[in-house]
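Here are a few notes from my read-through, to go with the model. Have a look at the fold first, then work down the points.

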Amino acid sequence: MNTNQLSASHYAGAAALLFIYGGAVCPLIDSLDRATWAVNVVVCFGIGWLLRTAGYAGLERTRGERPTPRQTLALDLGVLALIAVVIATVNSVTAYFMLESVLKVLVGIGAVGYFISTDTLLHSELRTGQALAARGENHQLASARRSFSRRFLVLSLISLSIVAVVLVLLVNKQLLVMSWTETAPDNALRRGIVIESIFVVGVVAAYVCRTMQSASKLLAFYLQNQQRTLERVSAGDYDHNVPIISNDEFGDIARHTNNMIETIIERSAELQRTQNATILSLAALAETRDTDTGAHITRTQHYVKVLAEHMATHPDYADQLTPDVVDLIYKSTPLHDIGKVGIPDSVLLKPGKLTDDEYDTMKTHTLLGVRALEVVEAELGSSNFLRYAKDVVATHHERWDGKGYPAGLAGEDIPLCGRLMAVADVYDALISERVYKPAFDHAKARYIIVEGSGTQFDPAVVSAFVACEAEFNRIAKRLTQPRAENALAA
């Protein structure tokens, strides 16, 4: 229901109540001819509604959009006050109502008008807020701050005051009726007074409850906006703000929440830059010990990303390889050989084939790398990035058949990031020239990788490699020169 429809229903309800039960607070109304009274009420409320509709349309044309809630409030209060004055004046002129009765009509219509205007105001605020939130816009806040809690307190006090005034008028009317009765009130009169009292109090209570319900809906809307945004932020989604649609406590809360989100984004970006710089520094450190590592780091990083993104399209791996996980694996792979900084030069830089003892020493680079990352973890605390980095460092030399090192893991006991890195690492070693071997072409490297499916490598990863081999070949040709600064290139 839009604001105009709500207002129309309120005007119609108020007219019906005034026609049927106006005599409950003003006995002189009961003396009027019912047809005359009906015409007076219908004409006055009808003209009032037309004036209200015309005023709303005029405000809409002037603003170029729907009127503000406060303009709607002023419009309804003005029209309903005019209706009250006109009806009271007509009664005074045509039916010679005494001043007391005129005041009762003014008070009665004024009370109903207050509830109608307030309910329409709250409904208009809610509709405006919902429209702004749907468009992701903020309200052009008024210069004067209005306290929601104070508004709610004022609403409660006025509502209680109206209830008290209506009760006083009702009791006064009943006393007046009984004073007209020469004998003691009979049971029928008493019953009529009780029923009339219950009805009038019920009507006023219904208006109070309706207004409180509208206020509660507006309050719930503010809190739900806040809650939804905080839930998203708690889940790591910072691409949301709380719409600022009021200049009160809830507007302040929304503003501070948005500032907090901006601070989190800035701190996260700073942390990400620090993390990237740390990765680059560690990767560069490994490169200083092994002259073949630089381009190898860059190429294997891109190979792993290609494999992971391809496997992520398969239903069996979609849950394991979400975009965030792929990004973490991509960023952690440059660290896979950082443990080589702890390998003696006599082994790391030996131009010929390694002896068995030297090979055992070389194999310790995985454990050395994990220990280095554990030191970082102990200092900074655990994180998803460090978890994937440790898995890559520790398991990229494990084999699908369990004959790898350092732990002899087999099959799916090897973390998926380690199985991806194993294929990327071996492929790049095969196509690269080493002091102990020439560079193989892509076809031969592909043959060796495929031959290792089910023994050295995860068959699913090998299948992904075959599907992406053209991209592997392009990456290898594009990234042939060692460039440490490319270690984190997107």
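1. Helices here are DSSP runs of H or I with at least four residues, strands are E runs of at least two, and both are numbered from the N terminus. Counted that way, the protein chain of this predicted model has 18 helices and zero strands.

2. On the chain as a whole: of its 490 residues, 41% are buried. Take the contacts with a separation of 6 or more, and 72% of them join residues 24 or more positions apart.

3. Now α3, residues 34-63. Its 30 residues should span 44 Å at 1.5 Å a residue, and the end C-alpha atoms sit 43 Å apart, so the two values agree.

4. Which residues of α3 are buried? They are Trp-37, Asn-40, Val-41, Cys-44, Phe-45, Gly-48, Arg-52, Tyr-56 and Gly-58. When reading that list, keep in mind that an α-helix has 3.6 residues a turn, so residues three or four places apart point the same way.

5. Further along, have a look at α16 (residues 442-451) and α17 (residues 459-467). Their axes come within 10 Å and cross at roughly 155°. Angles over 145 degrees count as roughly antiparallel, and α16 and α17 are therefore roughly antiparallel to each other. The crossing of α16 past α17 is left-handed.

6. As for what touches what in that pair, α16 brings Arg-446, Ile-449 and Val-450, and these meet Val-462, Phe-465 and Val-466 of α17. By class, the contact has five nonpolar residues, one charged and no polar.

Conventions: Residues are numbered from 1 along each chain as its sequence is written. This is a predicted model: local features need pLDDT of at least 70, side-chain atom pairs count only at pLDDT 80 or more; totals for chains, interfaces and linings use all residues. Side-chain values use heavy atoms; hydrogens and water are left out. Axes are lines fitted to C-alpha atoms, for helices over the stretch in contact, and angles run from 0 to 180 degrees between N-to-C directions. Angles under 35 degrees count as roughly parallel, over 145 as roughly antiparallel, 65 to 115 as roughly perpendicular and the rest as oblique. A crossing is left-handed if the near helix is turned anticlockwise from the far one by less than a right angle, and right-handed if clockwise. Contact means heavy atoms within 4.5 Å. Ala, Val, Leu, Ile, Met, Phe, Trp, Tyr, Cys and Pro count as nonpolar, Asp, Glu, Lys and Arg as charged, and the others, Gly among them, as polar. The expected span of a helix is 1.5 Å times one less than its number of residues. Buried means under 20% relative accessible area, exposed over 50%, partly exposed in between (1.4 Å probe, protein chains only).
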